[in-house]
Amino acid sequence: MLQTDSSEYAARAHPLGMEFQIVARYENRTAGPIYLGRCTSRSPIPIHYIHTVDGDEVVGQWSCVGTEPIRVEAGEVRIDTLRIGRPDGLWRL
């Protein structure tokens, strides 16, 4: 089960454009481990994508080769802070 910390997010300015943060909580309710992809073995967060409301655009799209996944054991809860941003500051969410 994936839960976020809010149902709405407001983008804020940063030196390279605009961004917002989502605190995501994933609870593995299965009987076995699940695996979350990540770009490098040192990356502390899983690969993630955010689709716009109309579905025409993907924000925070990753381009990487991938590596060993993050393992989430049965019954384990994982919390990540995901930073989503765009350098041009144009949002259509």
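Author: Let's start with a term: a salt bridge is a side-chain nitrogen of Lys or Arg within 4 Å of a carboxyl oxygen of Asp or Glu. This is a predicted model, where local features need pLDDT of at least 70, side-chain atom pairs count only at pLDDT 80 or more, and totals for chains, interfaces and linings use all residues. Residues are numbered from 1 along each chain as its sequence is written, and side-chain values use heavy atoms, with hydrogens and water left out.

Reader: How many salt bridges does the structure hold?

Author: Side chains of opposite charge can pair when their charged atoms come close. Here you'll find 7 salt bridges.

Reader: Which residue forms a salt bridge with arginine 25?

Author: That's glutamate 27, with the closest N and O atoms 3.5 Å apart. Glutamate 27 also meets arginine 29 in a salt bridge, at 3.6 Å from N to O.

Reader: Is arginine 29 buried or exposed?

Author: Buried means under 20% relative accessible area, exposed over 50%, and partly exposed in between (1.4 Å probe, protein chains only). Arginine 29 counts as exposed at 57%, while arginine 25 is partly exposed at 29%.

Reader: What do the side chains of glutamate 68 and arginine 38 meet in?

Author: A salt bridge, 3.5 Å from N to O. Glutamate 68 lies in the loop between strand 6 (58-59) and strand 7 (70-72), and arginine 38 in the loop between strand 4 (34-36) and strand 5 (50-51), so the pair ties together parts that are 30 residues apart in sequence. Strands (E, at least two residues) are DSSP runs, numbered from the N terminus. Glutamate 68 is partly exposed at 48%, whereas arginine 38 is buried at 13%.

Notes:
Helices (H or I, at least four residues) and strands (E, at least two) are DSSP runs, numbered from the N terminus.
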